[in-house]
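Have the sequence and the model open as you read.

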Amino acid sequence: MSRQHSIVFATRRACLAGIALLALAPLSMTAYAAPATLQVWKDPNCGCCKDWIAHLEKNGFATTVIDQGNNAARARLGMPQKFGSCHTALIQGYVIEGHVPAADIQRLLKEKPPALGLAVPGMPIGSPGMDGPAYGDRRDAYQVLLIQRDGSTTVFNTYPRG
């Protein structure tokens, strides 16, 4: 085989190897995808909001916190006041109101229902951020609601008293 033929074959092998690597690139990029980020509006002095954010981060979410209160954000994002709580968040187009567990947010993002978002109205003891020794390890029953754009709801998940 001539030197010229060897160069052509080596070039072809290098091109084929490059194509194979490019085909695998999207798979490797998804393995290192950045965590989903929630924008969270809260009062700068709220301790339970900080605890809820810590719960999210412990469960793989990234957060951007806006310490300006959440009433204006809740209204702007279309979450009805009757589902209000002490913090409001936005992730991938979904509004998250109150102490929604990270597992329910992960499920929402996986299932992608046509909805406004999720809410845990009020501040139930035992929900993430309203749990732990400061609350005597009490757990009240509560529901995570799936909020439709028209304000109607269905129960997304139920947490029993424990």
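## A buried pair

Start with Arg-74: its relative accessible area is 2%, so it is buried. Keep in mind that this is a predicted model. Glu-97 is buried too, with a relative accessible area of 0%. The side chains of these two, Arg-74 and Glu-97, meet in a salt bridge, at 3.0 Å from N to O. Arg-74 sits in helix 3 and Glu-97 in strand 4 (residues 94–98), so this pair ties together parts that are 23 residues apart in sequence.

## One partner in, one partly out

How many salt bridges does the structure hold? There are 3. Another one joins the side chains of Lys-42 and Asp-67, with 2.8 Å from N to O. Lys-42 belongs to strand 1 (residues 37–42), while Asp-67 is in the loop between strand 2 (62–66) and helix 3 (71–77), so the contact links parts 25 residues apart in sequence.

Asp-67, at 40%, counts as partly exposed.

As for accessibility, Glu-111 is partly exposed, with a relative accessible area of 47%. Arg-107 also counts as partly exposed, at 31% relative accessibility.

Conventions. Residues numbered from 1 in each chain as written. Predicted model: local features only at pLDDT ≥ 70, side-chain atom pairs only at ≥ 80, totals over all residues. Heavy atoms only, no water. Salt bridge = Lys/Arg side-chain N within 4 Å of Asp/Glu carboxyl O. Helix = DSSP H or I, 4+ residues; strand = E, 2+ residues; numbered from the N terminus. Buried < 20%, exposed > 50% of the residue type's maximum accessible area, 1.4 Å probe, protein only.
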